[in-house]
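Have a look at the model, then run through the notes below it.

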Amino acid sequence: MNELAAWLSSTLLRTTIALSVAFAIGSVLLWLTSCRSPGVRRAIWIIVLLQGWMIGRYALAIPWYEVQTFQAHVVVGDPLLEGAMPSALGPQRQLPVAARDDRLVEQTPVTERAAGSILWNWQSVLGLAWLLGGLVIVLHWAADYWRFVRNVPLGEAASADDEEAWRRLLAEREVAEAIPLRMTESVGPLLCRVPSGYCLLAPRAFWQELSNAARLAVLRHELAHYERGDAWKSLLARLLVLPHWFNPLAWRALHNFEEAAEWACDDAVRRDCPDSAPLYGRILLALGAAQTPRTILNNAARGHGLGLRIRRIAAPNLTDDSRMKKACLLGAALALLLAGGAELKLSVQNAAAQGRAKGDAKSEVRAKAAQVLLQAARKTSEITTKEYDEGTVTLTMVYVWSRRLLDAERALAKNQQEDLEALQDHRQRMQRLLQKTKALHEKGARGGEEQKLRALEYYVAEVELWIIDAGGEATNNDAE
């Protein structure tokens with residue numbers, strides 16, 4: 001649970017920072033370019049919200065060239081490895097396998113911790129608060145919708161003239177779905193989705209004050225919401241906000257997204273009825289001045305949002321943004337989204353190696369031969385160690401093939417870390433033999449002779465010096 005809470009807290013912190021930075025950059029870009037396209041603005045705000053969902057990350061490698069290059073280990077002649085020196089320990093035949101020392105049994109690390117530190121650290125508390133907060137938000141949305149469907153009456157049927165105008169508009173826009181037009185006491189104008197389908201609500205008192213042309217403009221605006229699928233897009237945007245319910249910038253991005261939807265529907269009215277712009281502006285002003293709190297359900301029809309809409313409608317020459325501006329803004333937004341999921345990593349490279357020809361046939365043949373050498377040395381070392389345990393080979397042969405395996409691994413090492421790992425593997429092999437020999441020596445059993453013990457101590461000390469010379473840390477763990 002600790003690991004999950006730590007991952008959740010770090011991911012939320014990273015995505016919150018990414019979302020906030022993207023919000024600031026998106027706001028600056030839209031302000032500097034004076035973007036008027038609702039579609040581009042909505043795309044940018046959706047991309048900002050998507051920053052909060054960049055849970056996974058991809059590595060972006062940046063080449064970094066080393067000044068000093070790693071030199072692979074060069075095997076030097078050794079009389080012992082070449083077999084020139086006979087074994088001073090003599091042949092060993094059928095030596096009994098030493099009993100295991102209890103000290104050599106690997107102990108399972110203790111991982112138990114106090115229950116309080118596991119369940120109630122600060123990361124777990126924050127994770128629980130985050131989950132509860134998201135649940136409260138979802139329940140609040142569900143309760144609001146349930147109250148709206150249950151408590152708001154769907155009103156009465158509109159007049160015959162209004163119904164006819166609405167049907168003609170649906171037919172003109174080739175809308176096959178039957179969307180009823182209902183008159184209410186205070187709710188609307190609003191295109192809503194109820195369990196039975198879409199429904200258009202209009203407040204009776206306000207509707208009666210409008211002329212036929214004004215009513216048609218309102219109907220065109222609400223129908224544009226249906227054609228654009230704004231109800232489902234708004235639902236998707238709210239789901240994108242949900243993981244960052246605690247971030248006010250996420251809610252502001254959602255507000256801007258829905259405000260751009262109102263702009264798009266206003267533009268649809270201007271395109272269909274160019275001469276109705278002044279009339280439509282007065283309709284928005286009248287909606288903003290309505291006293292009934294439930295007359296307007298969209299924040300874009302209040303305060304500053306309403307003022308922006310009226311100014312856009314009243315503008316005599318509202319031209320669309322150029323394709324170049326749209327492409328640049330969308331490209332910048334997508335680049336911002338990709339940057340939010342990137343994890344920069346320095347890829348250390350050898351400048352000399354970069355200049356070599358990749359198709360060097362000689363190098364490929366040499367590499368294959370070195371791999372064959374490594375596999376043969378590893379297999380022979382394993383067999384020799386097994387035969388030593390059975391008493392059929394000498395300790396010297398075990399050391400010889402462990403050294404040959406070490407030299408083969410170091411010759412193929414590409415960096416210092418791989419070189420150190422090869423040395424550490426050889427050290428572990430010698431330490432295992434030393435521990436086993438010590439256990440036999442203490443019991444006075446065969447295989448624990450003094451000469452073998454001192455030779456193995458030499459081998460372990462020898463590799464410790466090699467590790468230090470190679471830039472590693474010596475950790476002599478032979479049994480004390």
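Let's start with a pair of helices: α7 (residues 212-228) and α10 (residues 277-288) pack at an angle of about 75°, their axes 10 Å apart. Angles of 65 to 115 degrees count as roughly perpendicular, so α7 and α10 are roughly perpendicular to each other. On the α7 side the contact is made by Ala-213, Ala-214, Ala-217, Val-218 and His-221, and on the α10 side by Leu-279, Tyr-280 and Ile-283. Sorted by type, the residues of this α7 and α10 contact give 7 nonpolar, 1 polar and no charged. Bear in mind throughout that this is a predicted model.

**The whole chain**

- The protein chain has 17 helices and 6 strands.
- Of its 480 residues, buried ones make up 40%.
- Take the contacts between residues at least 6 apart in sequence: 74% of them join residues at least 24 apart.

**Aromatic pairs**

- A pair of aromatic rings is described by the distance of the centres and the angle of the planes.
- With ring centres within 6.5 Å as the cut-off for a pair, the count comes to 6 aromatic pairs.
- Phe-23 and Trp-45 make a tilted pair, at 5.3 Å centre to centre with 40° between the planes.
- Phe-23 sits in helix α1 (residues 2-33) and Trp-45 in helix α2 (residues 38-50), so this pair ties together parts that are 22 residues apart in sequence.
- Trp-245 and Phe-246 go edge-to-face, with 5.8 Å between centres and 85° between the planes.
- Tyr-399, Tyr-458 and Tyr-459 form one aromatic cluster.

**Charges over rings**

- Arg-42 has its charged end over the ring of Phe-257, 3.9 Å from the ring's centre.
- Arg-193 lies over the face of Tyr-198, and here the distance to the ring centre is 4.9 Å.

**Backbone with positive phi**

- Most residues other than glycine have a negative phi.
- Ser-34 has a positive phi, near 50°, and is not a glycine.
- You'll find Ser-34 in the loop between α1 and α2, where it is partly exposed with a relative accessible area of 43%.
- Glu-174 also has a positive phi as a residue other than glycine, with a value near 55°.
- The loop that holds Glu-174 runs between α5 (160-172) and β3 (181-184).
- Is Glu-174 buried or exposed? At 73% relative accessibility, Glu-174 counts as exposed.

- Ile-313 is part of helix α11 (residues 303-314).
- With a relative accessibility of 2%, Ile-313 counts as buried; the cut-off for buried is under 20%.
- Which residues touch Ile-313, leaving aside neighbours within four places in sequence? Ile-313 is in contact with Asp-266, Arg-270, Ala-277, Tyr-280, Gly-281 and Leu-284.
- One of those partners, Tyr-280, is also among the α10 residues that make the contact with α7.
- Ile-313 and Ser-276 are 37 residues apart in sequence, while their C-alpha atoms are 9.5 Å apart in space.

**Two more C-alpha pairs**

- Ser-159 sits in the loop between β2 (156-157) and α5.
- Ser-159 counts as partly exposed, at 37% relative accessibility.
- From Ser-159 to Leu-181 there are 22 residues in sequence and 9.3 Å in space, C-alpha to C-alpha.
- Trp-122 lies in helix α4 (residues 122-151).
- Trp-122 is exposed, with a relative accessible area of 56%.
- How many residues separate Trp-122 and Ser-9 along the chain? They are 113 residues apart, and their C-alpha atoms are separated by 9.7 Å.

Note on methods. Residues are numbered from 1 along each chain as its sequence is written. This is a predicted model: local features need pLDDT of at least 70, side-chain atom pairs count only at pLDDT 80 or more; totals for chains, interfaces and linings use all residues. Side-chain values use heavy atoms; hydrogens and water are left out. Axes are lines fitted to C-alpha atoms, for helices over the stretch in contact, and angles run from 0 to 180 degrees between N-to-C directions. Helices (H or I, at least four residues) and strands (E, at least two) are DSSP runs, numbered from the N terminus. Angles under 35 degrees count as roughly parallel, over 145 as roughly antiparallel, 65 to 115 as roughly perpendicular and the rest as oblique. Contact means heavy atoms within 4.5 Å. Ala, Val, Leu, Ile, Met, Phe, Trp, Tyr, Cys and Pro count as nonpolar, Asp, Glu, Lys and Arg as charged, and the others, Gly among them, as polar. Rings of Phe, Tyr and Trp (its six-membered ring) pair if their centres lie within 6.5 Å; planes under 30 degrees apart count as stacked, over 60 as edge-to-face and the rest as tilted. A charge sits over a ring if NZ of Lys or CZ of Arg is within 6 Å of the ring centre and within 35 degrees of the ring normal. Buried means under 20% relative accessible area, exposed over 50%, partly exposed in between (1.4 Å probe, protein chains only).
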